Amino acid sequence: MKLPLFAAAALASLTLTSVHAGGETATDLGRPAPILPIASESLAKLVVYPPLPEALARGVVIIQYRTENVRVIPVFGEGARGVSPRVGHLHVTVDDRPGTWAHTSADPIIVVGLTPGVHKMLIEVADPAHKILTSETVLVTVPERPASAAPQAHAH
């Protein structure tokens with residue numbers, strides 16, 4: 001069956017509008033409509049949670065985070081700056097060292113091998129062209145580990 005053009009357009013708009021089981025649309029849930037220009041979107045926000053204490057006791061820093069108004073995915077380049085809803089990635093720097101890495105997923109940030117003591121982690125949200133949108137600095141205290149908790153050497 002062939003639909004008139006205006007009927008096909010109306011049907012297509014119905015298919016693209018997603019309604020959550022609770023009756024909310026994506027826009028109601030705080031996600032911008034995919035057709036808004038970037039300039040109309042709310043500013044990117046970063047929320048960083050304290051390191052997981054169980055892992056930290058073993059010397060492993062696991063930091064969970066969430067972003068608002070930006071999706072963290074592995075997309076880079078000037079052309080991706082216009083993608084809406086906004087996309088980006090994280091830059092992570094430990095102790096002001098010269099060496100920042102890009103974190104490109106919603107997975108937690110995991111750092112191993114830090115010496116016991118206080119460490120500063122700078123977590124920045126960057127757009128696909130590495131322009132910093134927002135950032136948070138977190139102080140992490142890696143505890144001393146008892147000698148019995150030290151990694152065992154393997155006998156050959």
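His 91 is buried in this predicted model, with a relative accessible area of 13%. That value falls under the 20% limit, so His 91 counts as buried rather than partly exposed. The residue has its place in strand 5, which spans residues 87–94. Two other histidines meet the side chain of His 91 through polar contacts: the side chain of His 89 at 3.0 Å, and the side chain of His 130 at 3.1 Å. Once residues up to four places away in sequence are set aside, His 91 also touches Thr 100, Trp 101, Leu 122, Ile 123, Glu 124, Ala 126, His 130 and Ile 132.

His 119 lies in strand 8, which covers residues 117–126, and has a relative accessible area of 5%. The side chain of His 119 reaches a backbone atom, the oxygen of Thr 115, at 2.6 Å. Apart from neighbours within four places in sequence, His 119 is in contact with Asp 95, Leu 114, Val 138, Leu 139, Val 140 and Val 142.

The chain holds two helices and nine strands, and read from the N terminus the elements run α-β-α-β-β-β-β-β-β-β-β. Of its 156 residues, 28% count as buried. The chain exposes about 10,100 Å², and carbon and sulfur atoms supply 62% of this area. Among contacts between residues at least 6 apart in sequence, 55% join residues at least 24 apart.

The interior comes next. In soluble globular proteins, nonpolar side chains tend to be buried together. Here, the largest nonpolar core has 21 residues, and those with the most contacts inside it are Val 61, Ile 63, Ile 109, Met 121, Ile 123 and Val 140. Six strands each supply at least two residues of this core: strand 1 (45–48), strand 2 (60–63), strand 5, strand 7 (109–112), strand 8 and strand 9 (132–142). Not counting residues up to four places away in sequence, Ile 123 touches Leu 46, Val 48, Ile 63, Leu 90, His 91, Ile 109, Thr 134, Ser 135, Glu 136 and Val 138.

Arg 81 is partly exposed at 32% relative accessibility, whereas Asp 127 is buried at 6%.

Two further salt bridges can be described. The side chains of Glu 68 and Arg 66 meet at 2.3 Å, N to O; Glu 68 is partly exposed at 28% relative accessibility, and Arg 66 is partly exposed at 36%. Arg 97 and Asp 95 form a salt bridge at 3.9 Å, N to O. Arg 97 has a relative accessible area of 46% and is partly exposed, as is Asp 95 at 26%. Finally, salt bridges with shared partners join Glu 78, Arg 81 and Asp 127 into one network.

Technical notes
Residues are numbered from 1 along each chain as its sequence is written. This is a predicted model: local features need pLDDT of at least 70, side-chain atom pairs count only at pLDDT 80 or more; totals for chains, interfaces and linings use all residues. Side-chain values use heavy atoms; hydrogens and water are left out. Helices (H or I, at least four residues) and strands (E, at least two) are DSSP runs, numbered from the N terminus. Buried means under 20% relative accessible area, exposed over 50%, partly exposed in between (1.4 Å probe, protein chains only). A polar contact is a pair of N or O atoms within 3.5 Å; within protein, one must be able to donate a hydrogen and the other to accept it, and residues adjacent in sequence count only if both atoms are side-chain atoms. Contact means heavy atoms within 4.5 Å. A nonpolar core is a set of buried Ala, Val, Leu, Ile, Met, Phe, Trp, Tyr and Cys residues joined through side-chain atoms within 4.5 Å. Accessible areas come from the Shrake-Rupley method with a 1.4 Å probe; for residues, only the protein chains shown count as cover. A salt bridge is a side-chain nitrogen of Lys or Arg within 4 Å of a carboxyl oxygen of Asp or Glu.
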